[in-house]
Each structure stands twice: as C-alpha cells, then as structure tokens.
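User: I would like a close look at a single part of a model, the surroundings of its ligand. Please take me through it in plain terms.

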Amino acid sequence: MYLKQLDLVNFRNYDLLSLAFEDKVNVLIGENAQGKTNILESIYTLALAKSHRTSNDKELVKWDEDFARIEGVIQKNTQSVPMELVISKKGKKAKVNHLEQSKLSNYVGHFNVVMFAPEDLTIVKGAPQLRRRFLDMEIGQVSPIYLHDMSQYHKILNQRNALLKQMSISRDRDRTFLDILTEQLIDYGSKILMKRFQFLGILQKHAADIHLNISQNLETLKIVYQSSIDVSESMDLTKIVVHYHEKFDKIGSREIDRGVTLIGPHRDDLCFLVNEKDVQVFGSQGQQRTTALSLKLAEIELIHSEIGEYPVLLLDDVLSELDDHRQSHLLGSIQGKVQTFITTTSIDGIEHETLYRSKRFNVKTGMITH
Ligand code: ATP
Ligand code: MG
C-alpha cells in the first residue's frame, strides 16, 4: 500500500498543506525545526490515531487553533481508501471511506506504517514500558481484537488497582469483588499473552534472518519474552489461564498489602539476545543499533505476511546515523517494494540508487516546495 495524497489543516506548524506523493521514495529535506518530522508524525498519526512522540493529542494542534485535521488517500492493491482524523478538545473523530468509526480500534489497521527514528534505540536500551509500547502498537496494527482486549484489560486493571488500594487502606479483607476482577483480568490477560507469543514468533523469525544478514553472518538475534508468570510459547490459552490462577493464589494478600496488581502482561518485558548475550547489558552501540534496525525491518515483513501488502516506511533522520553498510542494507531491502519517506537535513553523503528516482520536497517554516 502507499499514501497517495496527504492534506493537513492546523497540524503542528502547518496551516494548510496538500501534497501528492511518489509510490516509492519521498525525501523531505530541510534545516532543523522546519517541519520535517511533523510531516512523518502526521502520517503516523493518520495510521495509528496516536502520535509516535507524544501522548498528549493537544500538542498536535497548531498553537491558538481549535482543531487539527489529517486526511490521506491510501492506495491498496485493489482499492483506494480515504482516511480522516480530526483532533480537537472534544477528542478524536476518525473516518474510513468517509464513514465515522465509533471505535478507534476499528479505525486503526486500515493504513499500516512502520516508523524508524533515532529514538527507537530506546526499544533496545530503554525501560520495559517502551518495549511493551512497541509490542502493543505493532500488534494493534495487525490485530483489532488485540487493541480491544488491551483496552478492556486496562479498564479492569485500573479498577482492580483502585480496589486494592482501597482495601490496603481500609484493611478490608473481603475478597468477593476482587476475585471477580481477578477472573476478568486473567481472561483478557491470557488472550493478550497468547497474541504476543504468536506475534513474537513471527517477528523473531524475520528479525533473526535480517540481523544475521546485516552483521554479515557474525551475529545471531533472539527475542525472549519475559513474563511475570511461568509460561512458555508452546502453551495454549487454557494452560496460561491456569498458570495465572496459580500465581495469583501464590501471591495471596501481598497485592492488598502493596495496593497494586503485581502480575500480568502490563508487567512483562522483552529481552534481546545477540550471540546469546543480553544486548541491552553487553551489546555495543552498533549491535544495539543493528538490533533496533532488524526489528523494524522485520516488522515490515511481518505486516506483509499478515496483511498481504507492504506497509509504508517512515525514516526520520536515521540514514545519517547509520554506517555505509547498514545504510545500504536498509535502502537495498526496501528498494522498489516499500513506499518510504525519508527526512534529512542534507542529501549529500547518502549514496544509493534507491534515492536517484526519489521525489524531493524542500521543507521550510511549515511550507513545502518541490
Ligand atoms: P529537526 O531537523 O531538528 O528534526 P524538523 O524539521 O524535523 O527538525 P519538526 O519537529 O518537524 O522539525 O518541527 C518543529 C517545528 O514545529 C518547531 O519550529 C516547533 O516550534 C513547531 N511546532 C511544534 N508543535 C507545534 C504546534 N502545535 N503549533 C505550531 N508549531 C509547532
Ligand atoms: Mg525532525
């Protein structure tokens, strides 16, 4: 699939913008702080109804304006799909094919994107919540059910945490309502865990191949899921449910003492092993970068295998960060099959035939010329 047309109103530093894109490579060139990332952010937000760099939607609206609108036309194999997202104080309004979607989980997934930015190194180096966010956003793109289960899970989790806190203060030990919430939490938590295992199984296969290739056969990559309960990828849903029950029984009243839910997918993490060693702890900067790049390229393949079409790739300032070999691997692997948006302050020094046929846009203070 590719983004044919993008129209913005009051998005970040753009008043009004209308752009038509090339189905292969589009390069956005401009000095710092001119609005290059803002364009990629608008494309990402159009796809996922969420920004990649802020959870506060208000920041996306141009200063002193009431709303922002992003419209795009997505060209797929057999059809062209208009999408629209309006962000205002009242929240978000999302349309696919001009029809308003009552749930965002029904909106997300019609347009698939993969973003790769320097911050993505934090997936490897940063806190566990960044890896969980990575998992949730990526699975959500290919599975609306997962998004729905996640939002239910978090509702129940918040309720359960509030109850635990209240019980810990009042020293009330009647578990009737708590047990009901635990049951519901396990129900959704188990489904989430199953889906994560499935997703990681596929991602791992692609990422390992890509990593081996980029490292010129020197490094293996393994992704290990670290769960707060004792489970493995081979278990079925019923077994996972049993394990959650056992663990909740085992921790007994410790949750009431602490006033918080101690186990579940919201506490899990990922570990990346390069040549069998944890790359977060032992990896060099370069190995960590290769790991992040392998994950992103693997995602492209995963979406292709799940959806039957390649997603759109957004590369924010990453080419200059990669050495020649990685740069050339990246550009070689997208060549001709993935619509790609590249931002850069200068095209000099990026030598690859993929760029020769690209469409170039000059970005200056919220205006674009080409
Ligand atoms: P760099 O090369 O440094 O990454 P960039 O071209 O990617 O720069 P962007 O992050 O796209 O820059 O745009 C930053 C500009 O957008 C800044 O000048 C900032 O002041 C402006 N900006 C950000 N949010 C808003 C907003 N809500 N309303 C108006 N302007 C905004
Ligand atoms: Mg930028």
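User: Which side chain has an N or O atom 2.7 Å from an oxygen atom of ligand 1?

Analyst: The side chain is that of T37, with an N or O atom 2.7 Å from an oxygen atom of ligand 1. This is a predicted model, where local features need pLDDT of at least 70, side-chain atom pairs count only at pLDDT 80 or more, and totals for chains, interfaces and linings use all residues. Residues are numbered from 1 along each chain as its sequence is written, chains are lettered from A and ligands numbered from 1 in the order in which they are written, and side-chain values use heavy atoms, with hydrogens and water left out.

The T37 pair is a polar contact (a pair of N or O atoms within 3.5 Å). The backbone also takes part: an N or O atom of the G35 backbone lies 3.0 Å from an oxygen atom of ligand 1, and one of the V61 backbone lies 2.9 Å from a nitrogen atom of the ligand. Taken alone, ligand 1 exposes 660 Å², and the protein buries 78% of that (accessible areas come from the Shrake-Rupley method with a 1.4 Å probe).

Around ligand 1 there are 16 residues, each with a heavy atom within 4 Å of the ligand. The closest are N32, A33, K36, T37 and N38. By type, this shell holds seven charged, six polar and three nonpolar residues. Here Asp, Glu, Lys and Arg count as charged, Ala, Val, Leu, Ile, Met, Phe, Trp, Tyr, Cys and Pro as nonpolar, and the others, Gly among them, as polar.

Key
Polar contact = N/O pair within 3.5 Å; in protein donor to acceptor, adjacent residues only side chain to side chain.
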